Amino acid sequence: MNRASGHHPRHVARNLALAHELATILKRFRDRGISSAPLRGPALAEQLYGDSTARPCGDLDILVRKPELAQVNTALSELGYQLCDRRPGFAQAFSYTWEFFKVQPIPIIFEPHWSLAYPPYTEQLDMEAVWRRCVPGRACGVETLLLSPEDQILNLCLHLVHHNGNAPRL
């Protein structure tokens, strides 16, 4: 089902560009042997609605393994992304994600996450169990790993709590 006809053209154009960029990153990671699974964004819209334009997306998020961060950085740099590391080493030591940006052809923020949990709980979630539960699938036309249904729900709930100041804290 194509829902694009009901959305604002800017929204559709941005989501199509994000979906294309996500496919490019997933292919690059796959070709480099970097473990990855898309989080939210156009991949979730495809999973839920069969259409990458069916929900607004502001950035791109992918789950990666923390020991592979150097390879992630290299692969993204080759695609024109720059790491925004305001306090070098801090995010890798104390956070759950890095933030990369790219301004051409459209501004994109890309966040590789190594945990589904947010500080101060990032180390309390068994990420190896999350990776074992990942299932093969497709996102934006690319064969990739996807979160299991239970981890997808966990990710969405934790994301809601993280971004909603009125949500109860863990």
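Select P88. This proline sits in the loop between strand 3 (82-83) and helix 4 (90-94). Helices (H or I, at least four residues) and strands (E, at least two) are DSSP runs, numbered from the N terminus. P88 is exposed, because its relative accessible area is 72%. Exposed means over 50% relative accessible area, buried under 20%, and partly exposed in between (1.4 Å probe, protein chains only). P88 and S77 are eleven residues apart in sequence, and their C-alpha atoms are 16 Å apart in space.

A word on the model itself. It is predicted, so local features need pLDDT of at least 70, and side-chain atom pairs count only at pLDDT 80 or more, while totals for chains, interfaces and linings use all residues. Residues are numbered from 1 along each chain as its sequence is written, and side-chain values use heavy atoms, with hydrogens and water left out.

Zoom out to the whole chain. It has six helices and seven strands. From the N terminus on, they run α-β-α-β-α-β-α-β-β-α-β-β-α. The C-alpha atoms fill a box of roughly 45 × 35 × 30 Å along the principal axes. Of the 170 residues, 46% are buried. Contact means heavy atoms within 4.5 Å. Among contacts with a separation of 6 or more, 61% link residues 24 or more positions apart.

Next, select D61. It belongs to strand 2 (residues 60-64). Is D61 buried or exposed? D61 counts as buried, because its relative accessibility is 6%. Show its side chain and look for two polar contacts. A polar contact is a pair of N or O atoms within 3.5 Å; within protein, one must be able to donate a hydrogen and the other to accept it, and residues adjacent in sequence count only if both atoms are side-chain atoms. One joins the side chains of D61 and H113 at 2.8 Å. Another joins the side chains of D61 and R40 at 3.5 Å. Leaving out residues up to four places away in sequence, D61 touches P38, L39, R40, E111 and H113.

Check its backbone: R40 has a positive phi of about 55 degrees, although it is not a glycine.

Step into helix 2 (residues 41-49). Which residues of helix 2 are buried? They are G41, P42, A43, L44 and A45. Their cover includes helix 1, strand 1, strand 2, strand 6 (135-139) and helix 6 (149-163). Just after helix 2, G50 takes a positive phi of about 75 degrees.

Move to S35, in the loop between helix 1 (9-32) and strand 1 (36-39). Its side chain makes a polar contact of 3.3 Å with the side chain of R65. Not counting residues up to four places away in sequence, S35 touches L63, V64, R65, E68 and W131.

Two stops remain. Select P119 and P120: the peptide bond from P119 to P120 is cis, with omega near 5 degrees. P120 is in the loop between strand 5 (108-113) and helix 5 (127-133). Finish at C140, in the loop between strand 6 and strand 7 (142-146). C140 is buried, with a relative accessible area of 14%. It is not a glycine, yet C140 has a positive phi of about 55 degrees.
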